[in-house]
Amino acid sequence: MFFKLLKSFFKISEDEKFPLYRFIKMAPSSFDLLIKFLGSRVSKEIFKLLIRAFLYVKPCIKPTGDRHINVFLEFFNSLSTKKKEALILRLIFHYNIGKFRRFARFLKTKDKEDVINLTSITLSIGGLCNLDCPGCFMKGLRSDKFIESDKIKYILDQTSNNDVFYVSIIGSGEPFLNVDSAIELFDCIKNYENMTFIIYSNGTTINESIAAKASELDNVIIFVSIDGFEKQNSQRMGVGAYKNIIKSFGLLKKYKIPFGYSTVVHTKNYKVVTSQAFIKEMAGHGNLVGLYNQFCTVRQSGCEHFFLDGVSTEEYKKRFKEVSQISPIYLYDLKEVEIALHGCKGKKGTICFIDGVTGKVSPCFLFPYAPSELNVYNDSSPERLSNILRSSFFKGYRKSYVKGIHCTADLKGELEYFYRNNLVPYEDGDKIKEIKTR
Ligand code: SF4
């Protein structure tokens with residue numbers, strides 16, 4: 001809030017009347033020093049001591065009047081002191097230091113088109129999948145290889161240079177399909193305590209060793225796909241997946257890993273996934289939050305019957321709103337949140353997609369198109385990702401940002417932009433057109 005106010009102040013009034021602005025202009029090195037100090041080891045250690053003192057006085061935080069927050073508090077209170085300390089450090093210290101650094105960059109960069117305000121990335125770690133869900137977005141990006149750990153490290157260093165706080169990890173298939181690769185991934189990400197890793201899994205491959213390894217880390221949240229009870233879940237994810245998903249919930253709960261469920265909402269499940277019975281069941285399994293994604297794909301034909309039409313969309317939205325008001329856990333419909341709060345994050349420039357196997361960088365995994373030279377592995381400079389995001393392609397893409405418009409709401413505009421830049425393979429372009437006419 002404080003930063004938003006300052007930012008808007010700077011935008012409307014750069015007339016040097018505001019003392020902080022004048023101070024920054026007159027003494028940029030003092031400002032650099034201040035940022036350096038805030039992000040330094042000393043300031044981190046001071047902050048750690050404060051947290052320790054706080055946890056000594058208040059080892060458990062009492063429930064509030066808000067049932068959603070209480071679910072998080074209950075989880076927080078069940079953690080060890082070390083884990084609590086790490087969580088507070090990351091959510092308050094690292095989160096705000098990153099925000100402060102990004103804000104400082106905004107102030108200091110003269111050409112505002114050059115400002116990189118990346119707050120999260122989506123990283124595909126590659127690999128195949130054990131399922132074959134109709135409409136799978138990653139099908140066209142599948143690779144039989146998993147990213148090597150030195151490449152993960154390279155990408156995370158680049159990401160860290162840009163003060164990114166959230167890293168969403170997906171596979172080009174299922175990220176936990178190969179246990180050794182999963183363990184390697186956890187070994188890598190435990191060194192980045194300033195970032196939060198959100199891993200999306202189909203929930204059918206999480207076993208005891210993956211859960212045990214994940215529980216050693218303080219910066220991992222896992223989202224597991226589930227599309228309803230067994231009957232509805234089998235319609236896209238196949239017979240047998242449901243039982244494994246429920247088993248995964250049990251393991252994640254046992255090892256005290258923060259987790260939630262992620263549902264693809266379509267014609268055959270929208271009533272069930274918005275029913276009180278389903279949400280109660282999900283909360284009972286230990287999910288802290290539920291994510292809802294309205295079915296959308298540009299990648300395959302033959303799954304048109306999954307799209308919600310106008311009437312069912314309205315009914316779904318009504319049901320979702322009603323059930324959210326009584327749900328014991330937070331529920332987010334990603335499309336509606338995007339429309340209400342920020343619009344397409346790819347266009348806004350706060351997110352980008354990196355295919356870790358090929359190194360290609362594009363605005364979003366839903367539209368993974370960009371000039372091939374925008375590859376993070378093309379050189380090893382620590383500024384490689386920043387330079388890609390300052391390329392004319394990304395600048396042009398950011399210019400198309402309109403607040404409050406969901407990324408799949410302007411597929412025609414999107415398509416035109418990619419066509420103009422010769423970036424869309426013919427068959428994908430055709431699919432996008434098809435969806436637009438629905
Ligand atoms: S589980 Fe995920 S990656 Fe695998 S087929 Fe289904 S949607 Fe695609």
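This briefing walks through the fold, the ligand surroundings and a few individual residues of the structure above.

The model is predicted, so to speak of local features a pLDDT of at least 70 is needed, side-chain atom pairs count only at pLDDT 80 or more, and totals for chains, interfaces and linings use all residues. Residues are numbered from 1 along each chain as its sequence is written. The protein chain has 19 helices and 9 strands; helices (H or I, at least four residues) and strands (E, at least two) are DSSP runs, numbered from the N terminus. Of its 438 residues, 35% count as buried. A residue is buried if 20 or more other C-beta atoms lie within 10 Å of its own, exposed if 12 or fewer, and partly exposed in between, with C-beta atoms placed from the backbone.

**Contacts across the chain**

- Two residues are in contact if their C-beta atoms, placed from the backbone, lie within 7 Å.
- Among contacts in the protein chain with a separation of 6 or more, 76% come from residues 24 or more positions apart.

**The sheet**

- An open sheet of 9 strands runs in the order S7-S6-S5-S4-S3-S2-S1-S8-S9, with mixed pairing; two strands pair if DSSP finds at least two bridges between them.
- Strand S7 (330–333) and strand S9 (361–362) stand at the edges with a single partner strand each, so one side of each has no neighbour in the sheet.
- Helix H14 (residues 334–342) packs on the sheet and touches S6 and S7. The direction of H14 makes about 75 degrees with that of S7, where axes are lines fitted to C-alpha atoms, for helices over the stretch in contact, and angles run from 0 to 180 degrees between N-to-C directions.

- Strand S5 (residues 259–265) and strand S6 (residues 289–294) run parallel and are joined by 5 bridges.
- Along this pairing, tyrosine 261 has glycine 290 in S6 as its bridge partner, and serine 262 stands opposite leucine 291 in S6.
- S6 also pairs with S7 in the parallel sense, over 4 bridges; here valine 289 stands opposite tyrosine 330 in S7.
- S6 is mostly covered, with 5 of its 6 residues buried.
- In a regular strand the side chains alternate between the two faces of the sheet.

**Helices H7 and H8**

- The axes of helix H7 (residues 149–161) and helix H8 (residues 179–189) come within 10 Å and cross at roughly 35 degrees.
- On the H7 side, Ser149, Ile152 and Lys153 meet Glu184, Leu185 and Cys188 of H8.
- The residues of this contact divide into 3 nonpolar, 1 polar and 2 charged. Ala, Val, Leu, Ile, Met, Phe, Trp, Tyr, Cys and Pro count as nonpolar, Asp, Glu, Lys and Arg as charged, and the others, Gly among them, as polar.

**Around the ligand**

- The ligand is surrounded by Cys129, Leu131, Asp132, Cys133, Cys136, Met138, Gly173, Glu174 and Asn202; a residue is near a molecule if its C-beta atom, placed from the backbone, lies within 6 Å of it.
- This shell divides into 5 nonpolar, 2 polar and 2 charged residues.

**Residues to look at**

- Serine 143 sits in the loop between strand S1 (120–124) and H7, and counts as partly exposed because it has 19 C-beta neighbours inside 10 Å.
- Serine 143 and glycine 173 are 30 residues apart in sequence, yet 7.9 Å apart in space, C-alpha to C-alpha.
- Beyond its neighbours within four places in sequence, serine 143 is in contact with Gly126, Gly127, Ser172 and Val357.
- Aspartate 163, in the loop between H7 and strand S2 (166–170), has a positive phi of about 55 degrees although it is not a glycine. Aspartate 163 is buried, because 24 other C-beta atoms lie within 10 Å.
- Lysine 256 likewise is not a glycine but has a positive phi of about 55 degrees. Lysine 256 lies in the loop between helix H11 (241–254) and S5, and is partly exposed, with 15 C-beta neighbours inside 10 Å.
- Phenylalanine 47, in helix H4 (residues 41–57), is in contact with Leu89 and Phe93 once neighbours within four places in sequence are left aside.
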